[in-house]
Amino acid sequence: MNKTSGHHESGTPTLIDNFDRRISYLRISVTDRCDLRCIYCMSEDIKFVPRSQLLTLEELYRVGKNFVDLGVSKIRITGGEPLTRRNVMQLFEQLGQLQGLKDFTLTTNGTLLNRYAAPLKAAGINRINISLDTLRADRFLRITRKGDIRATLDGIDAALAVGFDRVKINSVILKHHNHDEVADLVRFAQDRGMDISFIEEMPLGFVGDHDRATVYYSSDQILMDLQKYYQMTPTNESSGGPARYYRVNGSPHRVGFISPHSHNFCDTCNRVRLTAEGRLLLCLGQEHSVDLRRVVRAHPTDDEPLRQAIIDSMQIKPKGHEFDLSAKPVIFRHMNATGG
Ligand code: SAM
Ligand code: SF4
């Protein structure tokens with residue numbers, strides 16, 4: 001039997017790679033554009049992909065639907081800033097109708113949530129991650145190069161008011177930029193009933209702001225900092241992502257660590273990523289990819305070649321990433337193009 005096209009007990013086809021990892025999670029980047037310019041994510045003068053090269057919303061839906069038909073049960077919409085894509089709600093509404101989709105999530109910088117939180121909930125988004133690296137307006141401006149913290153804070157309030165199953169904060173921590181705020185960020189999240197994950201910066205693309213090795217601040221260091229203020233109890237829980245979680249002072253809300261450098265998470269990798277141009281990336285830290293845009297456009301009415309291309313892509317999913325902060329970036333695409 002071809003492993004990649006096997007069926008699990010429920011009869012749903014499964015996607016299994018050459019290292020026996022079951023792929024159940026698709027992240028879709030709906031645009032590489034963004035209303036912010038975070039210093040760890042992109043350079044200030046970044047050139048975006050011409051709009052004509054992006055998958056249309058209909059094509060994005062087609063790819064998402066076929067992944068769900070092949071057993072993917074979790075989709076995260078990301079970018080760039082997904083909520084800046086014109087008419088993007090149409091895609092949320094369509095994907096939200098898919099029967100096999102059990103977990104439908106969004107990663108956003110929050111600036112447009114004031115407007116979109118309620119329609120997103122209505123479309124079926126059940127969990128939402130909002131990026132917030134600092135609580136100070138001046139630092140927010142420095143880190144995002146152009147953002148007003150008020151918009152993101154209002155967006156967080158709007159998401160909380162709508163009542164998603166979970167709202168989580170994502171914070172990228174950089175030494176000398178925001179490392180002294182980790183305890184405050186945890187308090188901010190806990191006070192509002194949110195989880196928070198701390199993320200180590202990954203060397204994706206040239207960002208023209210800082211030397212990544214000198215601003216590296218490890219998850220272990222953050223944990224030690226937090227232990228000065230809080231009782232941190234490790235848990236075995238997973239949200240289907242790469243984070244390791246702790247509970248704080250017995251509270252139900254968690255603190256997670258996404259640590260590509262200090263704790264490699266590739267062994268349990270269950271995901272693939274679709275870029276806004278329709279390139280299926282098999283690994284965040286490697287260039288192995290399949291051009292699904294070509295397949296979708298060559299076969300506008302027949303989904304079978306698309307399904308076969310997805311099944312075949314499992315053969316080239318690499319064992320893991322090889323991030324090295326001391327070397328020049330070997331991955332030239334930025335996080336906004338990858339769909340972080
Ligand atoms: N614009 C949305 C946002 O900021 O949440 C979604 C896209 S953004 C690329 C997704 C996540 O990737 C964010 O939490 C962001 O902080 C994180 N990110 C961006 N560049 C990164 C990098 N070089 N290393 C680690 N995380 C990064
Ligand atoms: Fe935009 Fe998100 Fe990248 Fe910041 S991290 S520049 S908000 S895509």
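1. Buried means under 20% relative accessible area, exposed over 50%, and partly exposed in between, computed with a 1.4 Å probe and protein chains only. By that scale D180, at 43% relative accessibility, counts as partly exposed, whereas R139 counts as buried at 17%.

2. This is a predicted model, in which local features need pLDDT of at least 70 and side-chain atom pairs count only at pLDDT 80 or more, while totals for chains, interfaces and linings use all residues. Residues are numbered from 1 along each chain as its sequence is written, chains are lettered from A and ligands numbered from 1 in the order in which they are written, and side-chain values use heavy atoms, leaving out hydrogens and water.

3. D180 and R139 form a salt bridge through their side chains, with N to O at 2.8 Å; the term stands for a side-chain nitrogen of Lys or Arg within 4 Å of a carboxyl oxygen of Asp or Glu. The two are 41 residues apart, D180 in the loop between β5 and α6 and R139 in helix α4 (residues 137–144). Helices (H or I, at least four residues) and strands (E, at least two) are DSSP runs, numbered from the N terminus.

4. R139 also meets the side chain of E181 in a salt bridge of 2.9 Å, N to O. E181 lies in the loop between β5 and α6 and R139 in helix α4, so this pair ties together parts that are 42 residues apart in sequence. E181 is buried, with a relative accessible area of 1%.

5. The count of salt bridges comes to 16. Another of them joins D225 and K228 at 3.8 Å, N to O. In this pair D225 is buried at 10% relative accessible area, and K228 is exposed at 65%. Elsewhere K65, D69, E304 and R307 are joined into one network by salt bridges that share partners.

6. Helix α6 (residues 182–191) has seven buried residues out of ten, so it is largely enclosed by the rest of the structure. The buried ones are V182, A183, L185, V186, F188, A189 and Q190. Their cover includes α5 (149–162), β5, β6 (195–199), α7 (219–227), β8 (244–248) and β9, with contact taken as heavy atoms within 4.5 Å. After α6 comes G193, with a positive phi near 75°.

7. S259 sits in the loop between β9 (254–258) and β10 (271–274). S259 counts as buried because its relative accessibility is 1%. The side chain of S259 makes polar contacts with those of S219, at 2.7 Å, and R244, at 3.3 Å. A polar contact is a pair of N or O atoms within 3.5 Å; within protein, one must be able to donate a hydrogen and the other to accept it, and residues adjacent in sequence count only if both atoms are side-chain atoms.

8. Around ligand 1 there are 19 residues, of which Y40, G80, E81, S131 and M202 come nearest; a residue is near a molecule or strand if one of its heavy atoms lies within 4 Å of it. A nitrogen atom of ligand 1 is 2.7 Å from a backbone N or O atom of M202. Oxygen atoms of ligand 1 lie 3.2 Å from a polar backbone atom of T108 and 3.4 Å from a polar side-chain atom of N170. The elements giving two or more residues to this shell are β3 (103–108) and β5 (166–172).

9. Ligand 2 is surrounded by C34, L36, R37, C38, Y40, C41, M42, G80 and N109.
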